[in-house]
Amino acid sequence: MSSYRIAFNFEDGVTRFVECKAGEKVLDAAFRNKINLPMDCSDGVCGTCKCHAESGAYDLGSDYIEEALTEDEAKSGIVLTCQMIPSSDCVLSVPTTSVACKTGQQKFAATVANVAQCNDAAVVLELDVDAATTAPAFLPGQYVNIDVPGSGQNRSYSFSNAPGDQRIGFLIRKIPGGVMSTWLAGAKTGDTLNLTGSLGSFYLRNDDLPSCFSQEGLGLLPSYRCWKC
């Protein structure tokens with residue numbers, strides 16, 4: 001594999017994805033993508049670039065001092081992005097806001113491909129992302145804000161499709177008189193929507209803890225809620 005996908009989760013709920021080349025340090029990949037992660041020395045001395053690796057495989061490197069990253073910190077998943085070299089896709093928690101790193105929420109447009117009524121409980125909304133635009137990257141469980149045309153308002157919905165699909169989908173619960181529900185009643189193929197995301201920190205982490213899933217219904221399709229025990 002020539003590159004790995006790195007997800008940066010910021011404190012303000014924004015997630016940004018970058019491609020890190022094989023053998024490339026995470027901090028260099030972030031800067032190459034104009035994401036200014038916290039950094040003072042870039043030599044493994046100051047510890048300013050510490051992040052928490054929530055998932056993924058990586059090499060911590062050896063060119064750093066104990067004061068910058070202790071053995072206990074390393075065992076708990078703390079990394080120095082100026083030294084970390086991924087060997088798989090990784091998710092990193094960044095202890096600051098996206099604004100502080102001179103990045104922010106990604107905005108993109110999509111066109112309505114299908115609006116399917118599911119009994120009286122929900123609507124399945126499918127959107128096609130413009131072929132000239134890369135489909136939004138996200139972690140399963142994250143959401144986007146969708147601007148409701150003509151209302152000046154937006155609503156938040158989690159993706160129902162798998163990451164990487166050019167067609168994205170949402171299962172939207174019908175709310176009588178709701179802003180989005182009202183618009184969807186007259187939506188047609190080809191309508192354009194503006195979206196912002198991906199956002200949120202609710203996604204399944206890779207760890208050894210047991211997971212408990214309970215089924216909750218909308219009356220038509222199963223949905224699930226999970227807890228880490």
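**Exercise 1.** Find which residues of the largest nonpolar core touch the most other members.

*Solution.* Start with the term: a nonpolar core is a set of buried Ala, Val, Leu, Ile, Met, Phe, Trp, Tyr and Cys residues joined through side-chain atoms within 4.5 Å. Buried means under 20% relative accessible area, exposed over 50%, and partly exposed in between (1.4 Å probe, protein chains only). The largest such core has 29 residues, and those touching the most other members are Ile 6, Phe 8, Phe 10, Ile 35, Leu 37, Val 79 and Leu 92. Next, look at the elements: those giving two or more residues include strand S1 (3-9), strand S2 (15-21) and helix H1 (26-32). H1 gives the most, with 4 residues. Helices (H or I, at least four residues) and strands (E, at least two) are DSSP runs, numbered from the N terminus.

The model is predicted: local features need pLDDT of at least 70, side-chain atom pairs count only at pLDDT 80 or more, and totals for chains, interfaces and linings use all residues. Residues are numbered from 1 along each chain as its sequence is written, and side-chain values use heavy atoms, with hydrogens and water left out.

**Exercise 2.** Determine how many disulfides the structure has.

*Solution.* A disulfide is a pair of cysteine sulfur atoms within 2.5 Å. Searching the whole structure gives 0. Check Cys 41: its closest cysteine sulfur, in Cys 46, is 3.5 Å away, so the distance is too far for a bond. Then check Cys 90: the nearest cysteine sulfur belongs to Cys 20, at 8.3 Å. Cys 90 counts as buried, at 2% relative accessibility.
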